[in-house]
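This report describes a single protein chain, first as a whole and then at selected sites.

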Amino acid sequence: MTELTASTSVWLDFLKQQGAQFDADGAELLGFGASAPAPESLESFMAPLTGLGIIGVAGDDAASFLHSQLTNDVEHLDTSAARLAGYCSPKGRLLASFLMWRNPEFIFLQLPRPLQAAIQKRLQMFVLRAKAKLSDQGANTAIIGLAGPAAKNSLAEWYPVLPAEPYAKIDNANGTLLRLADSAGNARYQWVTKPEIAIAAWPRLSQHLTPTGPQAWRLSDIRAGVPQITAPTQEQFVPQMVNFELIGGVNFKKGCYPGQEIVARSQYLGKLKRRTMLATVDSNAVVAGNEVFSSADPAQPCGMVVNAETAGEGRSLALVEMKLAAAEGQIHLGSAEGPALHFHDLPYELADPQ
């Protein structure tokens with residue numbers, strides 16, 4: 001599943017010709033040269049999202065099967081919309097978070113590529129007699145994230161009409177264009193297309209948008225308050241701990257799915273005591289899974305970093321899950337003597353369940 005196809009290899013080779021630098025495995029894009037602008041300084045940019053994978057689910061029972069497995073409504077997902085969805089363990093802890101959309105043939109589940117093989121295998125185990133077949137649909141695909149004030153006009157040649165609101169989507173002969181959650185007041189789009197179309201479009205897109213690595217896109221996710229479950233944080237959070245129901249990732253009116261009783265209990269019985277907050281940290285060494293500590297109770301962690309990216313010299317921006325009560329004190333990374341966290345408003349309210 002992780003092997004490169006010929007068309008994917010052509011896409012990666014093209015990016016290298018444009019100055020892209022990759023990790024030692026040759027698959028994760030790091031950036032576009034030492035002289036390129038820092039990701040956090042970019043206003044309008046385009047980023048090849050080479051670290052994402054896509055599971056496709058096809059068959060007569062694809063929707064009903066996924067509806068019974070995920071936190072969101074799949075059966076009523078139409079072809080003009082995308083949704084967030086979670087996949088939980090029986091204990092209600094998130095194993096994966098997806099961006100989900102469909103066309104007449106497939107329902108697509110997008111997630112970090114390092115998680116894809118294990119998650120796809122686990123879902124396949126529960127297909128049983130359902131008419132649903134899972135496959136790797138990212139192997140022959142180029143995914144580009146486009147963000148900032150110039151993103152709208154840059155896409156006009158391929159999409160004269162753009163998705164009007166977050167999580168709307170448009171399909172045409174050029175592929176699928178999804179509008180995701182706005183970030184820092186700007187619209188963001190994800191273009192899922194064939195490598196040959198992406199290669200042909202790249203020079204014209206780069207007239208309006210600065211090419212950069214996926215770090216800039218992940219930073220925009222963090223600013224938007226949209227978490228992504230990665231390997232260090234699997235099975236750490238009930239969906240509400242990462243604000244997943246506040247951003248449309250949980251439907252409490254649908255039927256059962258693994259962990260559903262615990263997720264529902266967290267929603268309706270008592271006040272939520274943990275949430276995810278937006279913070280800057282005076283460190284470039286912040287990664288998902290790092291624990292955070294309160295100076296008022298230094299002996300035990302009060303939370304965990306969900307996602308983090310470098311956001312300037314000696315500084316990171318992070319989504320941090322933690323006890324709400326601890327937020328009244330000073331929070332530190334790694335230990336009570338570690339770098340301090342400085343909190344900022346999210347673009348949505350941390351509402352209590354109604």
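The model is predicted: local features require a pLDDT of at least 70 and side-chain atom pairs a pLDDT of 80 or more, while totals for chains, interfaces and linings use all residues. Residues are numbered from 1 along each chain as its sequence is written, and side-chain values use heavy atoms, with hydrogens and water left out.

**Overall architecture**

The C-alpha trace spans about 55 × 55 × 35 Å along the principal axes.

Of the 354 residues, 55% count as buried, where buried means under 20% relative accessible area, exposed over 50% and partly exposed in between, with a 1.4 Å probe and protein chains only. Of the contacts (heavy atoms within 4.5 Å) with a separation of 6 or more, 68% are accounted for by residues 24 or more positions apart. The protein exposes about 15,600 Å², of which carbon and sulfur atoms supply 50%; the area comes from the Shrake-Rupley method with a 1.4 Å probe.

**Buried sites**

Helix 6 covers residues 214–224, and nine of its 11 residues are buried, so this helix is largely enclosed by the rest of the structure. Among the buried residues are Trp217, Leu219, Asp221 and Ile222. Just after helix 6, Gly225 adopts a positive phi of about 75 degrees.

Thr71 lies in the loop between helix 2 (62–67) and strand 5 (82–88). A polar atom of the Thr71 side chain lies 2.8 Å from the backbone nitrogen of Gly86. Apart from neighbours within four places in sequence, the contacts of Thr71 include Ala85, Cys88, Phe244, Asn251 and Tyr257.

Leu12 belongs to helix 1 (residues 6–17). Its C-alpha atom is separated by 9.2 Å from that of Ala142, 130 residues apart along the chain.

Ser206 is placed in the loop between helix 5 (195–205) and strand 13 (210–211). Leaving out residues up to four places away in sequence, Ser206 touches Met46 and Pro211. The C-alpha atoms of Ser206 and Leu66, 140 residues apart along the chain, are separated by 38 Å.

Most residues other than glycine have a negative phi. Leu128, in the loop between helix 3 (113–125) and strand 8 (133–136), is not a glycine and yet has a positive phi of about 50 degrees. Glu235 also has a positive phi, near 65 degrees, and is found in the loop between helix 6 and helix 7 (260–268).

The relative accessibilities of the residues discussed are set out below.

| Residue | Relative accessibility | Class |
|---|---|---|
| Leu12 | 5% | buried |
| Thr71 | 0% | buried |
| Leu128 | 73% | exposed |
| Ser206 | 31% | partly exposed |
| Glu235 | 47% | partly exposed |

Terms used
Helix = DSSP H or I, 4+ residues; strand = E, 2+ residues; numbered from the N terminus. Polar contact = N/O pair within 3.5 Å; in protein donor to acceptor, adjacent residues only side chain to side chain.
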